Amino acid sequence: MDAKILTTLEYPKIINRLTAHASTSLGKTVTARLQPVTELEDVKLLLQATDEAYAADRLKGSAPFGGVADISAPLHRARIGGTLNPQELLDIASTSRGGRRVKKHIEMIHEEHPIPMLKALSEGVSEHKSLEDAIFACIDEQAEVLDSASSELASIRRELRTGESRIREKLEGMIRSSSVQKMLQDAIITLRNDRYVIPVKQEYRSSFGGLVHDQSGSGATLFIEPEAIVAMNNRLREMKAAEQREIEKILQKLTAHAAEYVEDLLVNLDLLGQLDFAFAKARLAHEMKASQPRMNDRGFLKLKRGRHPLIDRGKVVPLDVELGNQFTAIIVTGPNTGGKTVSLKTIGLLSLMAMSGLFVPAEEGSQLCVFDAIYADIGDEQSIEQSLSTFSSHLTNIIRILNAMTSKSLVLLDELGAGTDPAEGSALAIAILEHVHALGSRIVATTHYSELKAYAYNRKGVINASMEFDIASLSPTYRLLVGVPGRSNAFAIAERLGLQRSIIDHARGEVSEEDLRVENMIASLEENRLSAESERQTAESLRLQMEKLRSKHEEDRQRFEEQKEKLLLKAKEEAREAVAKAKREAEEIIAELRKLAMEEGASVKEHKLIEARRKLDEAMPEQPSAKRKGNAAGKPQKIEAGDEVMVYSLNQKGLVVDIHGTDATVQLGIMKMKVALDDMELVKTKAPEKTVQPKAAASLKRTRDDNVRMELDLRGENLEEAIMEVDRFLDESFLSGFGQVYIIHGKGTGVLRTGIQQYLRRHSHVKSFRNGNYGEGGIGVTVAELK
């Protein structure tokens, strides 16, 4: 891309703003070299990286690039065998550690929100913790080699500190001496050439032995090393030299360690620069309130409320423009200072930004094209040195553009044909536009010539546009109106400013009839546009109201769902509490049964067990009734005494004893319950009563009580009476068609149970018998199955 055109469109200013957002020198280097890309797939990859960094920056903030530095020079020197200084080694360790932090940061974000491109870059960053640990163990944050770097260095430095302490003690003893104090300029100890000295007055030089290392500017003070500490200072110098040799040895060892990873670290630098570049683009997008454009290579662009990024957001007027679909050329007319040039630069600059992988300050849904080149002739190119007029300089630039452009280029021409005779200039402008249009390039041009309005109107693929002008305030609004040619507004402005009406009328008379028709047509178009704009705003207002209503409805629905969820949770909690309460009460009943068993041994009475079971049943939390199946035919059922039924609420089968209106008494095991008829389903009707055919000689008639029960309680009776009752009970039950009956005799000593069961064993109506199960009374009840 031509550097001159980039400067014309103010692209370098965008690069400067982007560079300011880079966190490292590596990122700044990458941003400074950024150029627009002319391949669609490459542009999409650049924008994807920006989008991922934008999402990462929004979710977790900026990546931690602290400590990352450009260590390429030290690495190259380490590779050829040079020894690095402590600061360079510290930078290598800090950069390696910073790379690990950035890698971990991106991995953490990727787990929550996929960022595949940044993840792939970060995976290439190699980790060298052993190198970091080795360097940080020997060098502190101030780039000083630590005593702990080696045992030899620690020993040398201990001796150094001891030697310095002895010298200071010796000198302090001297300066405290009254005989010496009078010879001193100041009672202080100082250093000259890394040797300890004291300031002595010039006149006492001959009286004070030692080596002179320096003197004051006036010559009144000599800095003398007393003879008593010369040997001590010499030893100190020797130890410092030994210290430097040991430090050099440590640095060489660390440098050799770093040299092992030079290639990996150089790759890390490149990857960290790319990552910093991506996050810099994201931060620039946040600053500009920019969005990701959709890219194509079909020569189509559509900006929705696009803004020039270098103009204050509070002052810039958004630009809506479409090019490359129904028309490939836009001719913009209008007065000076109306915003034509800014519109040209906005289209060009936003295209360059998108081709560089940057988000653009426009609304979501904007589309931009990847051009093979963008050419621009904007501004006054007059050159005094080359003796070129404004027209000549413009034409020279346009000739260069015409020779270089292709069908995939974007051409921006400002004030086309200006600076020469209007008739020739307009003809030349039409010819240039026709040539560019025939080649297929996308073009946006501005002009003052009215002849170009007619050209755009008559030429397919070319459309007029203008910059809106407010007649009432006599000022431009800077809005681009595509499809409406510009009006001169000269007569209206003159009238508003107070020019005599007669002069204005005379001027109108000088205008040709054809020009008047054109102006009237433009005025009509402007009136229709304003009407359409008003209707569009009304429709937009209604749309916004509908959006608000929809949002409110959605909020109400979500609130309802939340309340429903809360109620469900509350109901579940109440159910848990009810079950817990039932369990507690059941535990108490069981404990009471155990206590009774312990107190009364095996003689717990049946009525106590029945009472305990009743309490257990009462402790059960109430549950909704089971869904009733109903009979297959869907017809009402007729239930009679003796029928076998299923009781829905208890989910148990039983036999109907008798019926009272809408209720029935049902025998459920050893219990009788009153149950509503609509809470039961007929399972099996009672067996038909056996009848005896009458004989000629005699007849037998048996009667029974209508209220025959399925259980017989014999507790407290003796065996003989009990046998008689059992015989009568079995006869009645047999005649009633009962399938099985319950004989309650209690546990006691077992005499009554044994006698009854022996009787049942030989009774003609009894098919079989057994002891009661758990819940039926156990061995205190005998269940007899009838034939």
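These notebook entries record what I looked up in the predicted model above.

**Entry 1. Ground rules and overview**

I number residues from 1 along each chain as its sequence is written, and I use heavy atoms for side-chain values, with hydrogens and water left out. As the model is predicted, local features need pLDDT of at least 70 and side-chain atom pairs count only at pLDDT 80 or more, whereas totals for chains, interfaces and linings use all residues.

I began with the secondary structure, which comes to 22 helices and 23 strands. Helices (H or I, at least four residues) and strands (E, at least two) are DSSP runs, numbered from the N terminus. I then looked up burial: of the 787 residues of the chain, 41% count as buried. Buried means under 20% relative accessible area, exposed over 50%, and partly exposed in between (1.4 Å probe, protein chains only). For contacts (heavy atoms within 4.5 Å), I noted that 66% of those between residues at least 6 apart in sequence join residues at least 24 apart.

**Entry 2. Helix α2 and Tyr11**

I asked which residues of α2 are buried. They are Tyr11, Ile14, Ile15, Leu18 and Thr19. These residues lie on the same side of α2, because they cover an arc of only 140° around the axis; the arc is that of the directions from the helix axis to the C-beta atoms. Asn16 and Ala20, on the other side of α2, are exposed. I found the buried residues of α2 packed against α1 (3–8), α3 (25–32), α12 and α13 (340–355).

I then took Tyr11 by itself, a residue of helix α2 (residues 11–20). Tyr11 counts as buried at 2% relative accessibility. Leaving aside residues up to four places away in sequence, Tyr11 touches Leu6, Leu34, Gln35, Pro36, Leu349, Leu352 and Ser356. Tyr11 and Leu352 are 341 residues apart in sequence, yet their C-alpha atoms are 7.4 Å apart in space.

In helix α8 (residues 129–138), I recorded Leu131, Glu132, Ile135 and Cys138 as buried. They share the same side of α8, because their arc around the axis is only 145°. The buried residues of α8 pack against α6 (86–112), α11 (230–259) and α12 (262–288).

In the loop between α8 and α9 I looked up Ala143. Its phi is near 65°, a positive value in a residue other than glycine. Ala143 is buried, with a relative accessible area of 13%.

**Entry 3. Lys103**

Is Lys103 buried or exposed? I found Lys103 buried, at a relative accessible area of 12%. Lys103 belongs to helix α6. Its contacts, not counting residues up to four places away in sequence, are with Ser122, Glu123, Val125 and Glu127. Lys103 and Glu127 are 24 residues apart in sequence and 9.4 Å apart in space, C-alpha to C-alpha.

**Entry 4. Two helix pairs**

I looked up how helix α9 (residues 151–175) meets α11, and found an angle of about 155° with the axes 9 Å apart. Axes are lines fitted to C-alpha atoms, for helices over the stretch in contact, and angles run from 0 to 180 degrees between N-to-C directions. The pair is therefore roughly antiparallel; angles under 35 degrees count as roughly parallel, over 145 as roughly antiparallel, 65 to 115 as roughly perpendicular and the rest as oblique. The contact includes Leu153 and Ile156 of α9 and Leu236 and Met239 of α11. By class, the contact of α9 with α11 has 10 nonpolar, two polar and nine charged residues. Ala, Val, Leu, Ile, Met, Phe, Trp, Tyr, Cys and Pro count as nonpolar, Asp, Glu, Lys and Arg as charged, and the others, Gly among them, as polar.

Helix α14 (residues 390–404) and α15 pack at about 15°, with axes 12 Å apart, so α14 is roughly parallel to α15. I listed Phe391, Leu395, Ile398 and Leu402 of α14 and Leu428, Ile432, His435 and Val436 of α15 as making the contact. The contact of α14 with α15 has seven nonpolar residues, one polar and no charged.

**Entry 5. Thr447 and Glu415**

I found Thr447 in strand β12 (residues 442–447), and at 1% relative accessibility Thr447 counts as buried. Among the residues that Thr447 touches are Ile331, Lys340, Glu415 and Leu452. Glu415 lies in the loop between β11 (409–413) and α15 (422–439), and has a positive phi of about 55° although it is not a glycine.
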